[in-house]
Amino acid sequence: MDCATSPSSAAAAALRTLALVGHPNVGKSVLFHRLTGTYVTVSNYPGTTVEVSRATPRFDREASLLDTPGVLALPSRSDDERATMRALLHEDMRTLIQVGDAKNLRRTLNLTALLAELGVPMVMALNMTDEAKARGVTVDAEALSEALGVPVVATVATGGEGVSALTEALQRAAVPAPLLRYDPVLERDIARVEQLILAQCPHPRLAARGLAILAIGRDPEVEAWLAAQANSETVRAALAELTAPIGRDSLPARLARERGGAAEALARTVTQQAAGKDRTLSMLLGRIAVHRLWGWPMLLGVLYLVYLFVGDFGASTLVGLLEEDFFGEVLNPAVTEFVTSHISTPWLADLIVGEYGLWTMGMTYALALILPIVTTFFLAFGVLEDSGYFSRLSVIANRMFAAIGLNGRAVLPM
Ligand SMILES: Nc1nc2c(ncn2[C@@H]2O[C@H](COP(=O)(O)OP(=O)(O)OP(=O)(O)O)[C@@H](O)[C@H]2O)c(=O)[nH]1
Ligand SMILES: [Mg+2]
């Protein structure tokens, strides 16, 4: 990682800020690299970016581009969602680039609905269009752009496709049209809190409606922001009064459900699924991998295969062949013979080929013992990562850890 710094960097605070936002594992960090030349860790499992990174984009040397951790939903709950929410609240955010997943438009639009409520101008990078195409999914970017009222650019971040079009589209960034109204009771509460925020402590960039929805949903970052505003007592008093009637604890799930309905409806009108392409073996395996019941036997199976390849083939067969047969029988006797016949100083010969010698122990262990194990481990790791299994595994881990109040997605990057 080179010059990416934390959002509190004083030098950058004066610059206008743009941010990449989106779900985990959709390609935000790859796009960040394309747009700024700054490398941040990229990997094929969610939760890789856990703090906000910042760099100067190539398209505007006066601006500052943020790479944010993926958000599953807002109101924020996990640490990475909170980091993203903090950036939205406290940065001089002029434009958002929502990085969407073309093969899962419904989920993408769920987040768009929320960004629309926050009222920051945005463009959408509809990423992973290559994977969508391979699955027979086509998204009509023009129709989607028209429906949302923001530029939508199809991209393949890994290949750099669409990146210059995305840069040009930033000029036309706009606040998306609202995707939905919630049920009337909730809308009444939202309107009340919204009015109070507008009157008492308007945010310089974020729309009061979005803040009201997040505050009602108990977003901890919005609550902290409100608490820090001088005139926010009436807002906070109104929020406290709302607690009982609408059951604020169940609100995030309710908001997500209502947004989900609107997102689904729009996604359906702009997506085309080629016949017969949606039931491939890989999709079936993907579904089994995150299944509540079948995910576990699959995990055991994967672990067993990894054990066979790394523990059995790498650490036993390969190490046996290299250490005992090749080094033990062929190479080491030859090296010992060569050294003892050429070096007459006994301690020096011992240092190289004695029982604990540089060659007999150091090189032999490094090349014949460690190398096969490390090589097979990283081969197995690479295949699992490229297969997309890790992102599924993080879903299972998250489910398990959530039961004890922890964020299981953090297991994999760790
Ligand atoms: N096929 C394909 N893969 C992509 C594309 N963009 C990114 N990827 C891959 O998707 C994976 C995730 O990319 P990241 O950039 O780490 O995703 P992120 O959104 O930053 O993820 P978090 O930091 O976990 O929120 C990596 O394996 C990328 O190589 C794309 O357009 N097509
Ligand atoms: Mg990232």
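User: How many bridges join strand 1 to strand 4?
Analyst: In this predicted model, strand 1 and strand 4 run parallel. One of their pairings sets Val21 against Gln98 in strand 4. The number of bridges that join strand 1 to strand 4 is six.

User: In which order do the strands of the open sheet lie?
Analyst: The sheet has six strands and mixed pairing. Its edges are strand 2 (53-55) and strand 7 (152-154), each of which pairs on one side only. From one strand to the next, the twist averages 25 degrees. The order of the strands is 2-3-1-4-5-7.

User: Which residue in strand 3 is the bridge partner of Leu18?
Analyst: Strand 1 (residues 16-22) pairs with strand 3 (residues 63-67) in the parallel sense, over five bridges. Within this pairing, Arg16 stands opposite Ala63. The bridge partner of Leu18 in strand 3 is Leu65.

User: Is Leu20 of strand 1 buried or exposed?
Analyst: Strand 1 is mostly covered, with six of its seven residues buried. Leu20 lies in this strand. Its contacts, leaving aside residues up to four places away in sequence, include Lys28, Leu31, Phe32 and Leu35, as well as Leu65, Ile97 and Val99. Buried means under 20% relative accessible area, and because Leu20 has a relative accessibility of 0%, this residue counts as buried.

User: What distance separates the C-alpha atoms of Leu20 and Val52?
Analyst: Leu20 is a residue of strand 1. Along the chain, Leu20 and Val52 are 32 residues apart. The distance between their C-alpha atoms is 9.9 Å.

User: At about what angle does helix 1 run to strand 3?
Analyst: Helix 1 (residues 28-36) lies across strand 1, strand 2, strand 3, strand 4 (93-101) and strand 5 (122-127). Relative to strand 3, helix 1 runs at about 160 degrees.

User: Across which strands does helix 5 lie?
Analyst: Helix 5 comprises residues 141-148.

User: Which residue in strand 5 is the bridge partner of Ile97?
Analyst: Strand 4 and strand 5 run parallel and are joined by six bridges. The bridge partner of Ile97 in strand 5 is Val123.

User: What is the relative accessible area of Glu117?
Analyst: Glu117 is found in helix 3 (residues 105-118). Not counting residues up to four places away in sequence, this glutamate touches Leu180, Tyr182, Ala207, Arg209, Gly210, Ile213 and Arg259. Glu117 is buried, because its relative accessible area is 8%.

User: Why is helix 8 described as largely enclosed by the rest of the structure?
Analyst: The buried residues of helix 8 include Ala208, Arg209, Gly210 and Leu211. The helix is followed by Arg218, whose phi is positive, near 60 degrees. Helix 8 (residues 208-216) is largely enclosed because its buried residues number nine of nine.

User: Are helix 14 and helix 15 roughly parallel or roughly antiparallel to each other?
Analyst: Helix 14 (residues 346-353) and helix 15 (residues 358-387) pack with their axes 4 Å apart, at an angle of about 15 degrees. Angles under 35 degrees count as roughly parallel. The two helices are therefore roughly parallel.

User: How many charged residues are in the contact of helix 14 with helix 15?
Analyst: Leu351, Ile352 and Val353 in helix 14 meet Leu358, Trp359 and Thr360 in helix 15. The residues of this contact divide into five nonpolar and one polar, and the number of charged residues is none.

User: How far apart do the C-alpha centres of domain 1 and domain 2 lie?
Analyst: The domain assignment of the protein chain gives domain 1 as 1-273 and domain 2 as 295-411. The separation of their C-alpha centres is 43 Å.

How values were computed
Residues are numbered from 1 along each chain as its sequence is written. Chains are lettered from A and ligands numbered from 1 in the order in which they are written. This is a predicted model: local features need pLDDT of at least 70, side-chain atom pairs count only at pLDDT 80 or more; totals for chains, interfaces and linings use all residues. Side-chain values use heavy atoms; hydrogens and water are left out. Axes are lines fitted to C-alpha atoms, for helices over the stretch in contact, and angles run from 0 to 180 degrees between N-to-C directions. Angles under 35 degrees count as roughly parallel, over 145 as roughly antiparallel, 65 to 115 as roughly perpendicular and the rest as oblique. Contact means heavy atoms within 4.5 Å. Ala, Val, Leu, Ile, Met, Phe, Trp, Tyr, Cys and Pro count as nonpolar, Asp, Glu, Lys and Arg as charged, and the others, Gly among them, as polar. Two strands pair if DSSP finds at least two bridges between them. Domain bounds come from an automatic or database domain assignment. Buried means under 20% relative accessible area, exposed over 50%, partly exposed in between (1.4 Å probe, protein chains only).
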